[in-house]
Amino acid sequence: GKLLMLAMYAPLSSHPRADRIMDLALGGEVQRVVALTVRERREVEALRDRIPAIGKIDPKKSTSVGHQLAEANPYPRWIHIARPESGALPNYLRSRFPAYDPPEFSTPKIEVLVPGCGTGQHPIKAAMRFPAAQVTAVDISLDSLAYGARMARKLSVGNVEFMLGDLMRLPDEPARYHYIECTHLLHHVAAHEDAWAALAALLRPGG
């Protein structure tokens, strides 16, 4: 009971005896709270150092108040995901955009980019939806990326890679991606047209 009360006021992972708490023989909901707030937090912290970087990171963003808040409280900390129907990318695009006739890409591996991926729910769904594709998920928050990487591992989704990067400073790799899917991001970017141009430059012809 005391542990639950403590968890209402401060993260159990910050408690000086947090690692000992994980070793306690607890039952029911108390064990679940400890798993969510301590054990899984430790897993995320361990994954932070394994997230590779892509492109350059703007140091001003990494030290901003907004970025620090995102690192301390990655959102959303989702637990469950609705598994989408899987299939080929062209078929999916035809169902979403009836007037669009997507090309039948001849490359063996479809490359998908999800910029501003947050805590990973979006790119993991994309990886489930297109099991034959390789999904690259990019964000500027290491904690969010580590959370997504942990959830991908938990859900046994192996065709998604989480990478630290800035939408406006991605490497100049023209015509790499077949498909770019982006939500809840562009309205946060000051230079909207520059952001669109940066993403469009990464698309393959017909992508």
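Are Y92 and F130 buried or exposed? Select both: Y92 is buried, and F130 is buried too. Keep in mind that this is a predicted model.

**Stop 1: the aromatic rings**

Stay on Y92 and F130. Their rings form an edge-to-face pair, with 5.2 Å centre to centre and 75° between the planes. Now colour by secondary structure. Y92 belongs to helix α6 (residues 89–96), while F130 sits in the loop between α7 (121–129) and β2 (133–139), so this pair ties together parts that are 38 residues apart in sequence.

Check burial next. The cut-off for buried is under 20% relative accessible area. F130 has 2% relative accessibility, so F130 counts as buried. Y179 has 11%, so Y179 counts as buried too. Show the three side chains together: ring pairs link Y92, F130 and Y179 into a cluster. The model has 2 aromatic pairs in total.

**Stop 2: helix α6**

Which residues of α6 are buried? Select L89, P90, Y92 and L93. They cover an arc of only 160° around the axis, which puts them on the same side of α6. Then bring up the partners: the buried residues of α6 pack against β1, α7 and β4.

**Stop 3: the nonpolar cores**

Move to V112, I124, V160 and F162. In the largest nonpolar core, which has 32 residues, these four touch the most other members. Highlight the contributing elements: α3 (28–48), α6, β1 (110–115), α7, β2, α8 (142–154) and β3 (160–164) each supply at least two residues. The biggest contribution comes from α8, with 7 residues.

Return to V112 and show its contacts. What does V112 touch, leaving aside its neighbours within four places in sequence? The contacts are F130, A133, Q134, V135, T136, Y177 and Y179. Two of these names come from the first stop: F130 and Y179 belong to the ring cluster.

**Stop 4: a charge over a ring**

Finish at Y147 and R150. The charged end of R150 sits over the ring of Y147, 5.5 Å from the ring centre.

Conventions:
Residues are numbered from 1 along each chain as its sequence is written. This is a predicted model: local features need pLDDT of at least 70, side-chain atom pairs count only at pLDDT 80 or more; totals for chains, interfaces and linings use all residues. Side-chain values use heavy atoms; hydrogens and water are left out. Rings of Phe, Tyr and Trp (its six-membered ring) pair if their centres lie within 6.5 Å; planes under 30 degrees apart count as stacked, over 60 as edge-to-face and the rest as tilted. Helices (H or I, at least four residues) and strands (E, at least two) are DSSP runs, numbered from the N terminus. Buried means under 20% relative accessible area, exposed over 50%, partly exposed in between (1.4 Å probe, protein chains only). A charge sits over a ring if NZ of Lys or CZ of Arg is within 6 Å of the ring centre and within 35 degrees of the ring normal. A nonpolar core is a set of buried Ala, Val, Leu, Ile, Met, Phe, Trp, Tyr and Cys residues joined through side-chain atoms within 4.5 Å. Contact means heavy atoms within 4.5 Å. The arc is that of the directions from the helix axis to the C-beta atoms.
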